[in-house]
Amino acid sequence: MNDATTNSPNHETPETPPMEPGREIKVWDLLVRLGHWTLVIAFTIAWLTGEEESALHIWSGYIIAGVVALRLCWGVVGTRHARFSDFVRGPRAVFAYLRGLAAGTAPRYLGHNPAGGAMTVLLLVALAVTTVSGMMVYAIEENAGPLAGFVASTDAPSPALGLVPMALADDDEEENGHRVHEEEGEELWEEIHEVAANLCLALIILHILGVIASSLAHHENLPRAMVTGRKRAEN
Ligand code: HEM
Ligand code: HEM
């Protein structure tokens, strides 16, 4: 087996020539690449339209949810470097890589390095929480979207949905019990949605800084590899 196709660090010789246009091998499959750049475009749109609750916001959010769901499945059954088993490492490996990056000694990986792998998981989880909480807000406010069936409809909660009437039972004595509860739920989900969206943005900024740092450290253009799918085989 060719050692360069594994995701263990490629051990460098001290005189490694930078940016040598040597042999390239396929690392990122089409789904990973298309998914990535779709996320970049859709997240930008969702972020910029957040204040309006427009169709554009809702649909860019759905696209993100779809890409994330597909990517989570692909992480189990996908191609070699797309699999979580290829790049999810423990915190020790992540911090060792980050220390190496700061010291200029970090080894190069063909797939995600341990920090990139951790960021991938964090981004996917944060995006999932953002989209699901957005769908909850949409369901509560507009009684629309895929989660509308899971939350109370405005004044007449369906007895078939055990969840909501149980929650309202606590408020039986309140004159306007139903309304109070809905507003509480709405506020909570709005808060979760907003915090999760901000967390995504913070992670994305760190992600881009990490991509720049690793690109410099290993003398390679990682964003280009996310476009072509190919990386140089040798160090
Ligand atoms: C909305 C903004 C972004 C999001 C949500 C995002 C998300 C992600 C995710 C989820 C991955 C993991 C890919 C996978 O395994 O499927 C990833 C990897 C990657 N992203 Fe982004 N990304 C964003 C912006 C960018 C930008 C602007 C660049 C270019 C500067 C970039 C460059 C990369 C690269 C090079 C990788 C592969 C990292 C590696 O080699 O380990 N990303 N990104
Ligand atoms: C990653 C994807 C998403 C991002 C980055 C995002 C971001 C945001 C932001 C920043 C806001 C403004 C929050 C505030 O200041 O109150 C917002 C509001 C909202 N979003 Fe999203 N969102 C996403 C996905 C979704 C989805 C999938 C839905 C529903 C299907 C959705 C529904 C809503 C609704 C209904 C509001 C208005 C909340 C309110 O009334 O304050 N979002 N979103």
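Helices (H or I, at least four residues) and strands (E, at least two) are DSSP runs, numbered from the N terminus. The model is predicted, so local features need pLDDT of at least 70, side-chain atom pairs count only at pLDDT 80 or more, and totals for chains, interfaces and linings use all residues. Residues are numbered from 1 along each chain as its sequence is written, while chains are lettered from A and ligands numbered from 1 in the order in which they are written.

Helix H5 has 29 residues. From its first C-alpha to its last H5 reaches 42 Å, close to the 42 Å expected at 1.5 Å a residue (the expected span is 1.5 Å times one less than the number of residues). Asn 143 follows H5 and lies in the loop between H5 and helix H6 (163-169). His 219 has its place in the loop between H7 and helix H8 (222-228).

A residue is buried if 20 or more other C-beta atoms, placed from the backbone, lie within 10 Å of its own, exposed if 12 or fewer, and partly exposed in between.

| Residue | Phi | C-beta neighbours inside 10 Å | Class |
|---|---|---|---|
| Asn 143 | near 50° | 13 | partly exposed |
| His 219 | near 50° | 14 | partly exposed |

Ser 214, found in helix H7, is buried, because 20 other C-beta atoms lie within 10 Å. Leaving out residues up to four places away in sequence, Ser 214 touches Leu 101, Asn 113, Gly 116 and Leu 222 (contact means C-beta atoms, placed from the backbone, within 7 Å). The C-alpha atoms of Ser 214 and Ala 115 are separated by 9.8 Å, although these residues are 99 apart along the chain.

A nonpolar core is a set of buried Ala, Val, Leu, Ile, Met, Phe, Trp, Tyr and Cys residues joined through C-beta atoms within 7 Å. The largest one has 13 residues, and Leu 39, Phe 43 and Cys 200 are among those with the most contacts inside it. Helices H1 (30-48), H2 (55-77), H5 (114-142) and H7 (177-217) each give two or more residues to this core. H1 supplies the largest share, four residues. Apart from this core lies another, of eight residues, including Met 135 and Val 151.

Around ligand 2 there are 26 residues, of which Ala 46, Gly 50, Gly 61, Gly 134 and Ala 197 come nearest (a residue is near if its C-beta atom, placed from the backbone, lies within 6 Å). H1, H2, H5 and H7 give two or more residues to this shell, and H5 gives the most, with eight.

Technical notes. Contact = placed C-beta atoms within 7 Å.
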